[in-house]
Amino acid sequence: MKLRNILLASASAALAAASPAFANGAADGHHHHDHGSASIGEAGEASQVTRTVELEMRDNMRFVPSKLSVKQGETVRIVVKNTGQLTHEIVLGSGKDLKAHAELMKKFPEMEHAEPNMLTLAAGKSGELVWKFSRAGVVNFACLQPGHFDAGMKGQVRVSPPKAPAKVTPTEDKHAH
Ligand SMILES: [Cu+2]
């Protein structure tokens with residue numbers, strides 16, 4: 001048990017070092033050029049949710065749907081249901097970080113996840129992530145249970161930039177004075 005705890009601790013440390021995106025708020029002197037978490041957005045607040053989407057995780061190693069579209073700036077409640085018999089998880093990240101993390105999971109399959117950008121669900125369980133997609137572009141997500149990523153358990157959120165401002169139509173045609 002003790003050894004396992006030590007392994008978990010070193011797995012977390014290795015993860016934090018390998019993927020700054022997962023080390024939210026960690027003071028880190030040597031990744032000046034890396035803004036991993038900024039590029040995928042940030043933890044959202046439930047009170048700011050503007051959209052709710054539902055995702056299913058299945059034992060055929062697929063997210064359903066595997067593609068989502070949101071608008072930049074939206075805070076999205078992602079309701080996730082594991083309809084399979086296996087444990088699955090959803091982790092939001094850049095493609096690069098997810099791949100690195102998936103490799104790490106093969107070495108430390110017991111690694112536990114508890115960050116705002118990830119959710120691990122046992123068979124039949126549901127849960128949710130609240131995430132603010134503050135940057136336009138593509139945010140990847142994947143299941144990092146060992147082998148699932150390689151089997152194709154991944155998806156994408158397209159974050160579209162705001163449209164050109166709509167014409168401002170004065171709506172105050174009934175002035176109260
Ligand atoms: Cu999975």
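Modeller: Let's start with burial: a residue is buried if 20 or more other C-beta atoms lie within 10 Å of its own, exposed if 12 or fewer, and partly exposed in between, with C-beta atoms placed from the backbone. This is a predicted model, where local features need pLDDT of at least 70, side-chain atom pairs count only at pLDDT 80 or more, and totals for chains, interfaces and linings use all residues. Residues are numbered from 1 along each chain as its sequence is written.

Biologist: What makes E110 buried or exposed?

Modeller: E110 has 10 other C-beta atoms within 10 Å, so it falls under the "12 or fewer" rule and is called exposed. E110 sits in the loop between α3 and β7. Its C-alpha atom is 9.2 Å from that of Q145, although the two residues are 35 apart along the chain. Over the chain of 177 residues, 26% count as buried.

Biologist: What counts as a helix or a strand here, and how many of each does the chain have?

Modeller: Helices (H or I, at least four residues) and strands (E, at least two) are DSSP runs, numbered from the N terminus. By that rule the chain has three helices and ten strands.

Biologist: Which residues of α3 are buried, and what puts them on the same side?

Modeller: They are D97, L98, H101, A102 and M105. They cover an arc of only 135° around the axis, so they lie on the same side of α3; the arc is that of the directions from the helix axis to the C-beta atoms. An α-helix has 3.6 residues a turn, so residues three or four places apart point the same way. On the face turned away from the buried side, α3 carries the exposed residues K96, K106 and K107.

Biologist: Why are β4 and β7 said to stand at the edges?

Modeller: Two strands pair if DSSP finds at least two bridges between them. The open sheet runs β4-β10-β9-β6-β7, with mixed pairing. β4 (67–71) and β7 (118–121) each have a single partner strand, so one side of each is left without a neighbour in the sheet.

Biologist: What makes β4 and β10 a pair?

Modeller: Five bridges join β4 to β10 (residues 154–160), against a threshold of at least two, so they pair; they run parallel. Within that pair, K67 stands opposite Q156 in β10.

Biologist: How many bridges link β5 and β8, and in which sense?

Modeller: β5 (residues 75–82) and β8 (residues 126–132) share seven bridges in the antiparallel sense. T75 stands opposite K132 in β8. They belong to an open sheet of five strands ordered β1-β8-β5-β2-β3. There, β2 (residues 49–58) pairs with β5 in the parallel sense over eight bridges, and T52 has R77 in β5 as its bridge partner.

Biologist: What is the pLDDT over residues 1–36?

Modeller: pLDDT is the predictor's confidence in each residue, from 0 to 100. The chain has a mean of 80, and 70% of its residues reach 70 or more. Over residues 1–36, though, the pLDDT is below 50. Where pLDDT is low, the predicted coordinates should not be read in detail.

Methods:
Two residues are in contact if their C-beta atoms, placed from the backbone, lie within 7 Å.
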